[in-house]
Amino acid sequence: MADRGFDLEGRLAALEEHDLKRALSPVDRVAERGYFAEPSGGDLPVLDSAEALVFASNNYLGLTDDQRVQDAARQAAATVGTGAGASRLVTGDTLVHRDLERQLAETKGTERALAFSSGYAANVGTIAALEPDVVFSDELNHASIIDGCRLADTETVVYDHCDAADLRARLEERVERATREGREPADESWLIVTDSVFSMDGTVAPLSAICDAAEEYGAWVMVDEAHATGLYADGGGVVQAEGLEDRVQIQLGTLSKALASQGGYVAGSSALIECLLNDARSFVFSTGLAPPAAAAASEALHVARHGDARERLWENVAHLRDGLESMGFEVWGDSQILPVVVGDRRDAIALADGVRERDVVAPAIRPPTVPEGTSRIRVVPMATHDRDDIIACLEAFQAAGEEVGLL
Ligand SMILES: Cc1ncc(COP(=O)(O)O)c(C=O)c1O
């Protein structure tokens with residue numbers, strides 16, 4: 001009989017052969033340092049080994065082990081429950097969800113906000129619910145945006161990364177094409193979608209120029225602030241830093257990075273939120289965000305807005321960027337994410353292994369996550385790293401870089 005199964009062994013062997021196989025590496029806690037499993041891919045954290053410094057986490061403000069955030073989660077579990085128990089639309093809508101959404105709307109300068117069970121679900125659900133005729137999408141947008149476009153079965157026009165002039169050219173092309181085909185482009189709904197901070201390149205989208213182009217062509221703008229929420233003006237994202245709340249129709253993000261929790265959100269007009277809670281399938285047909293996650297994100301947002309964690313993060317970013325660049329590394333981007341671009345994937349792996357031997361965790365990022373020839377180490381400090389941690393990280397990069405022959 002024919003074998004109609006799947007050649008999983010073959011797939012794994014192919015990944016191995018091309019240095020693309022990934023492995024899990026458990027750690028004992030989520031913080032700026034921790035005990036990891038043996039590199040790479042061991043089963044359990046090795047508590048009698050040296051503690052490693054973590055320079056690869058999206059826990060940017062280091063709030064996952066903040067006492068206030070932990071207490072908020074604990075209290076929500078004790079008073080509201082450990083899980084929502086149902087979709088928000090059934091019986092899973094609680095006071096902690098409402099509190100979180102009120103704070104998110106206040107921070108993002110919008111009428112309302114809606115919490116999803118992940119940032120992935122927020123992107124996929126929102127794009128699919130809007131059903132745009134055309135999406136104009138930055139070429140480096142996150143996978144959840146791409147998947148949202150697929151699910152919406154929309155026509156997607158990809159523009160060059162962070163290039164508002166190219167976006168404008170694509171908008172113009174679309175007008176010309178519709179005119180040629182005898183259609184009225186005004187009949188179509190157009191959505192421009194971009195990450196604000198790009199997670200692998202550390203670049204920041206030119207949001208103001210994107211809004212200019214959108215307004216000229218009547219398109220709406222959706223900004224994914226996953227890597228920015230909590231880090232910029234008053235705990236908002238790049239939209240807040242640039243004062244664009246009134247020009248961006250849909251702000252979206254995750255609670256799982258600087259907000260030290262789990263879940264996603266959309267912020268916008270009351271009409272947008274009402275539509276999403278009726279039509280976004282990833283909201284309607286998914287259990288509400290767990291109350292401890294909602295409460296932790298609320299508290300983390302409060303701390304991000306009113307404490308000094310943001311300031312400490314940006315000081316660490318400046319110190320680390322300065323140090324890496326003065327050693328001679330090529331560091332891309334202009335955000336808290338510092339991609340040390342090495343080029344060859346084997347060099348990137350060797351550099352990552354070298355820093356790991358020196359008790360710094362910052363894994364190599366390789367194709368297919370990034371294009372061939374741009375393999376890198378995505379170095380990310382946290383607000384809770386102290387000066388000695390930053391120096392230890394820099395020393396590890398110096399020594400490993402020399403060992404691998406990159407410096
Ligand atoms: C830009 C961007 N959008 C969305 C997501 C998905 O968020 P979540 O991890 O909450 O599903 C991520 C990261 O994971 C991201 O980097």
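**Ligand site**

I began at the ligand, where one oxygen atom is 2.8 Å from a polar backbone atom of Gly119, a polar contact being a pair of N or O atoms within 3.5 Å. This is a predicted model, in which local features need pLDDT of at least 70 and side-chain atom pairs pLDDT 80 or more, while totals for chains, interfaces and linings use all residues. Residues are numbered from 1 along each chain as its sequence is written, and side-chain values use heavy atoms, leaving out hydrogens and water.

I then found an oxygen atom of the ligand 2.6 Å from an N or O atom in the side chain of Thr254, and a polar side-chain atom of Ser256 at 3.3 Å from a ligand oxygen. I count 14 residues around the ligand (a heavy atom within 4 Å), and the closest are Gly119, Asp224, His227, Thr254 and Lys257.

**Helix pair**

I next looked up helix H2 (residues 67–79) and helix H12 (residues 291–306), whose axes come within 8 Å and cross at roughly 150°; the axes are lines fitted to C-alpha atoms over the stretch in contact, with angles from 0 to 180 degrees between N-to-C directions, and helices are DSSP runs of H or I with at least four residues. That crossing makes H2 roughly antiparallel to H12 (an angle over 145 degrees).

**Backbone**

I noted that the peptide bond from Pro367 to Pro368 is cis, with omega near 5°. Phi of Asp234 is near 50°, a positive value in a residue other than glycine. I logged both because most residues other than glycine have a negative phi, and most peptide bonds are trans.

Notes:
Helix = DSSP H or I, 4+ residues; strand = E, 2+ residues; numbered from the N terminus. Parallel < 35°, antiparallel > 145°, perpendicular 65-115°, else oblique. Polar contact = N/O pair within 3.5 Å; in protein donor to acceptor, adjacent residues only side chain to side chain.
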